[in-house]
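Look it over first, then read the points below.

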Amino acid sequence: MITNFFEGIGAYAMLMSKVFRRPDRWIIFYRALLQEIRLLGLDSIGIVAILSVFMGAVVTIQTALNLSDPLIPAYYIAIATRESITLEFSPTVISLILAGKVGSNIASSLGTMRVSEQIDALEVMGVNSASFLILPKIVAQLLFNPILIILSIALGLWGGYMVGGALGLISFSDTLIGYRMEFMPFYTFYALIKTVAYAFIIGSISAYCGYTVKGGAVEVGVASTNAVVRSCLAIILANYVLTDLILNA
Amino acid sequence: MIQVKGIHKQFGDNQVLKGIDVDFIPGKTNLIIGRSGSGKTVFLKTILGLYDPDQGSIHYGDEILGQMTKERRKLLRQELGMVFQGGALFDSMSVAANIRFPLDMFSNMTEHQKDERVSFVMDRVRLQGSGDMFPAEISGGMQKRVSIARAISMNPKYLFCDEPNSGLDPETAIVIDQLIQELTHEFNMTTIVNTHDMNSVLEIGDHVVFMKDGYKVWEGTNNEVLGSTNADVEEYVFKSKLFKQVRAALRK
Ligand SMILES: Nc1ncnc2c1ncn2[C@@H]1O[C@H](COP(=O)(O)OP(=O)(O)O)[C@@H](O)[C@H]1O
Ligand SMILES: [Mg+2]
C-alpha cells in the first residue's frame, strides 16, 4: 500500500516530465488549447454560476443569523460574507466541484483513448502523446479556472446581496457598504493563487489517472472515480498547506 | 529490411516472447499467425518500439532500434504505418482529419498538397465521399480502411497490421486482406500482418511465421503451409472440419 503510493508518485512525476515539453507544432497546440478551454472551461460556466449565487445566499443567511446582535453594525454581515466567499468558498468549493466535473471528464477521455489504442497510435507516429494530449488540458485550466473563480466571487457576492436584502436580513445599502469596507486586494490575489494550484492538481492528477489505465471499459470507470477522489484529497491538503503558508505567515 | 534477433519480453512473471528470430522479407506481406494469447500483439508492438525487449535486438536496415538516438527514432516513426486491431481512430476527428493528422504533425506540405494527398489516399482505399463522417458513424470495414489510409498517408516504408480483419464478415475480411496486399506491392512496403485467420494466410501470406506460446515454431510461404508436417502447424491448421476435408482432398 505504502510502496504503491510512492510508486504512484514516481510514475506521476515521470509523466509530468513528459508533459511539459515544447509542442511539436504550435498551431496544433493552440487549436487543442482552444478546444479544451471550451470543453473544460466555458462548459463549466453554467454550473459555477448557479452554485455561486446560491452559495453567496446561504453564506449571507448563515452569517446574518450568527451576527444578529444589535451591538454589531449590519454591514459586518457583508464583510464576513465577502471574506468567506473570497477566501474559501469560491476558490476551494468551486474547485472541488470542478474536480468532479472536469476531472472525471479528463480521466475518462484519456482512459478511453488508452484502452482503444489511440495513445499507442500517437506514439507509433512519433507524437509525444503525453504532452500532446495532457498539456492543453492543464494549460486550459491554469488559464481559465481563475476566470471562473472571479466570476464565482462576483456572483456569490451578488447572491448574498439579493437574498440578504430580499429577506430583510441586511439592507441593500448596508451590504454595499460592507462589501467595500476594508477591502484587501491581497485576499483576491490569494484566492487566485489557490485557484491556479488547484487547477494544476485537477488537470495533472486526473490526466495521470486516465493516461495510465490498463484494461477496458470497467477500468476507465474506476480511473474516473479515482481521478475525482484523489484530486479532491489533494485540493484539501493543498488548501491547508497554502493557507498556513500564505495567510498564517 | 526488418530483422529481429533473439527477442525476449516478459510482463511481471509472464514470459510472453521467448527468443524469436525472424527476417521479414522486404516488399512482401509477412504474416504472423498464431492463436490468441500466443504473443502476436506484444511481438508487433515490440518491433515497433512501443515495448522495449528484455533481450535481443530489432534491426531496421543496418540500424538497431534500441541504439538509435531520439531524433533518429522519431524520423524512423515517420517511415512506419500501423493499423491497430480496433482501428484506434481518433474519435473526436472526422475521417479526413484522421488521415490528415500525420501530415499536419510531421510533413512540410502546403495545405493544398495535404488536401491532395488525403484525397489520393482516400481514393486508394475506396473511401471517396466519406471524409466528413466520424469514426462512430461508419461500419467496421470502413473503419479498417480509414485506419489503413491513415497508416499509409505518410507513404511509409513499413506497414504493420494487428489482426486487420478481426470482427469483419468473411467477405469484407478478404477485401481488406487484398487491399493490404495490393498496397504492399504498389508502394513497395515491407508489411507485417498479425492474424489468426487461415484464409488470410492462404490469400496473402508471401511469408508466414507461425507463433505458439511465445516461440516461432514454423516459417514458410502460404503454398507450403498446407503441406507442412510440423505438428504445431498441423494442429492449428487442421482443427476445422473444412481444412481436414481440404487435406483429405489434397492427399487423394
Ligand atoms: N501490456 C501488457 N502487460 C502485461 N501483460 C500483457 C500486456 N500485453 C499483453 N500481455 C500478455 O501477453 C500475452 C500475449 O498477449 P498478446 O500479444 O495480446 O496475444 P495475441 O495478440 O497473440 O492474442 C497474454 O498473456 C497477455 O496477457
Ligand atoms: Mg493480439
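**The largest cavity**

In the lining of the largest cavity, at least two residues each come from helix H5 (118-125) of chain A and, in chain B, from strand S6 (80-83), helix H3 (95-106) and helix H5 (140-152). Helices (H or I, at least four residues) and strands (E, at least two) are DSSP runs, numbered from the N terminus. This is a predicted model, where local features need pLDDT of at least 70, side-chain atom pairs count only at pLDDT 80 or more, and totals for chains, interfaces and linings use all residues. Residues are numbered from 1 along each chain as its sequence is written, chains are lettered from A and ligands numbered from 1 in the order in which they are written, and side-chain values use heavy atoms, with hydrogens and water left out.

- The lining has 15 residues; nearest the centre of the largest cavity lie A:Met125, B:Leu80, B:Gly81, B:Arg150 and B:Ala151.
- The largest cavity holds about 140 Å³ of space.
- Its lining splits into 10 nonpolar, three polar and two charged residues.
- Ala, Val, Leu, Ile, Met, Phe, Trp, Tyr, Cys and Pro count as nonpolar, Asp, Glu, Lys and Arg as charged, and the others, Gly among them, as polar.

**The second largest cavity**

- Two cavities of 30 Å³ or more are counted.
- A cavity is a set of points, on a 1 Å grid over the protein atoms alone, where a 1.4 Å probe fits but cannot get out; lining residues have an atom within 4 Å of a point.
- The second largest cavity holds about 30 Å³ of space.
- B:Arg35, B:Phe210, B:Lys212, B:Asp232, B:Glu235 and B:Tyr236 line the second largest cavity.
- Strand S9 (207-212) and helix H9 (231-237) of chain B are the elements that give two or more residues to this lining.
- H9(B) has the largest share, three residues.
- By class, this lining has four charged, two nonpolar and no polar residues.

**Around ligand 1**

- The residues around ligand 1 (a heavy atom within 4 Å) include B:Phe11, B:Asn14, B:Arg35, B:Lys40 and B:Tyr51.
- The shell divides into six polar, four nonpolar and two charged residues.
- H1(B) gives the most to the shell, three residues.
- Polar contacts are pairs of N or O atoms within 3.5 Å.
- A polar backbone atom of B:Val42 is 3.0 Å from an oxygen atom of ligand 1.
- A backbone N or O atom of B:Ser38 lies 3.3 Å from an oxygen atom of ligand 1.
- For B:Tyr51, a polar side-chain atom lies 3.2 Å from a nitrogen atom of ligand 1.

Methods
A polar contact is a pair of N or O atoms within 3.5 Å; within protein, one must be able to donate a hydrogen and the other to accept it, and residues adjacent in sequence count only if both atoms are side-chain atoms. On a 1 Å grid over the protein atoms alone, a cavity is a set of points where a 1.4 Å probe fits but cannot get out, and a pocket is an open set with protein on both sides within 12 Å along at least five of seven lines; lining residues have an atom within 4 Å of a point. Grid points are joined across faces, edges and corners, and a volume is the space filled by probe spheres set on the points.
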